[in-house]
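Subject: Structure handover

Hello,

Here is the structure I promised to pass on. Please open it first, then read the notes below.

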Amino acid sequence: MIQLNSVSKTYNKIKAVTAVSCTVKKGRITGILGANGAGKTTILKAVCAVHYPTEGSILVEGISTKDNPLEIKKRTGYVSETPQFYPQFTVKEFLTFAAQYHGEDVRQIDYVIDLCSLQDELNKKIGKLSKGYRQRLSFAQALIHNPSVLVLDEPTSGLDPIQIHEMRKLILSLEKDKTILLSTHLMQEADAVCTDLLVLHRGMLVYSGTVKNILSCTHTSTLDDAFIALTKETSI
Ligand code: ATP
């Protein structure tokens, strides 16, 4: 479980997130929706202790990200929007390196290779991988230490339709025993994989609840319309 308690984040003078409070439950897939710049990545990074709230606090399985960032990094796997790798490593070398870093053995390397269908690319240099395989590798490294919390920043961005389908299948297969928080711009994706939604508008939380309830709350019949209703600007 992840708890955000009145979280605000300011970069110099830019207020990216304002007083967000919510709970992300275990065994469910929670999507963060929001327009460009709404604060999605800022929240995901804060959950993984990549940075800290300016105000408020975040607890991951009861542990404060600010007080115990190392423990948070053990419990979370993060797939960034723009994964960074050492391009000269092969896929196998990189996963071996990541496993050793976390004190995991060869069984865990084989497990993530299989899970993320990386068998055919093991000896390829990362710099030569296609976008889809880079994304799978990013997933594999996020899962190598079997984290109980998985945080995914636009996990299907830039993938082709078949890769999107496979990535969603992979995410759904992990739902049962993990807390999964993912950001997306795609309503179809939210509909296909998420059970719960957080909607951000200009850094503020304007909806927190189930995918089912969002339609009745907004008196709409599609997620697209619900999102527009929640984030429309009222003109004076
Ligand atoms: P997108 O959908 O475009 O990825 P987002 O919802 O993930 O956007 P964030 O990346 O969290 O939004 O950005 C929220 C706000 O904070 C934006 O105004 C952005 O310019 C600003 N911001 C993000 N990171 C930094 C940073 N390192 N320094 C300064 N401002 C930042």
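Strand β1 (residues 2-11) pairs with β2 in the antiparallel sense, over 7 bridges. Two strands count as paired if DSSP finds at least two bridges between them. Helices (H or I, at least four residues) and strands (E, at least two) are DSSP runs, numbered from the N terminus.

A word on the source. This is a predicted model, where local features need pLDDT of at least 70, side-chain atom pairs count only at pLDDT 80 or more, and totals for chains, interfaces and linings use all residues. Residues are numbered from 1 along each chain as its sequence is written, and side-chain values use heavy atoms, leaving out hydrogens and water.

Now the sheet. It is open, with 4 strands in the order β2-β1-β4-β5 and antiparallel pairing. Its edge strands are β2 (14-24) and β5 (63-64), and each pairs on one side only. β1 and β2 form a hairpin with 2 residues between them. In that turn, N12 has a positive phi of about 45°.

Next, the helices. Helix α1 (residues 40-47) lies across β1, β2 and β4 (55-60). It runs at about 120° to β1. Axes are lines fitted to C-alpha atoms, for helices over the stretch in contact, and angles run from 0 to 180 degrees between N-to-C directions. Contact means heavy atoms within 4.5 Å.

Helix α5 (residues 131-143) and helix α6 (residues 161-173) pack at about 10°, with their axes 11 Å apart. That makes α5 roughly parallel to α6 (angles under 35 degrees count as such). On α5, the contact is made by G132, Q135, R136 and F139. On α6, it is made by Q163, E166, M167, L170 and I171.

Last, the ligand. There are 14 residues around it, and N36, G37, K40, T41 and T42 come nearest (a residue counts as near if one of its heavy atoms lies within 4 Å). An oxygen atom of the ligand is 2.8 Å from an N or O atom in the side chain of T41. For H185, a polar side-chain atom lies 3.0 Å from a ligand oxygen atom.

Best wishes

Methods. Angles under 35 degrees count as roughly parallel, over 145 as roughly antiparallel, 65 to 115 as roughly perpendicular and the rest as oblique. A polar contact is a pair of N or O atoms within 3.5 Å; within protein, one must be able to donate a hydrogen and the other to accept it, and residues adjacent in sequence count only if both atoms are side-chain atoms.
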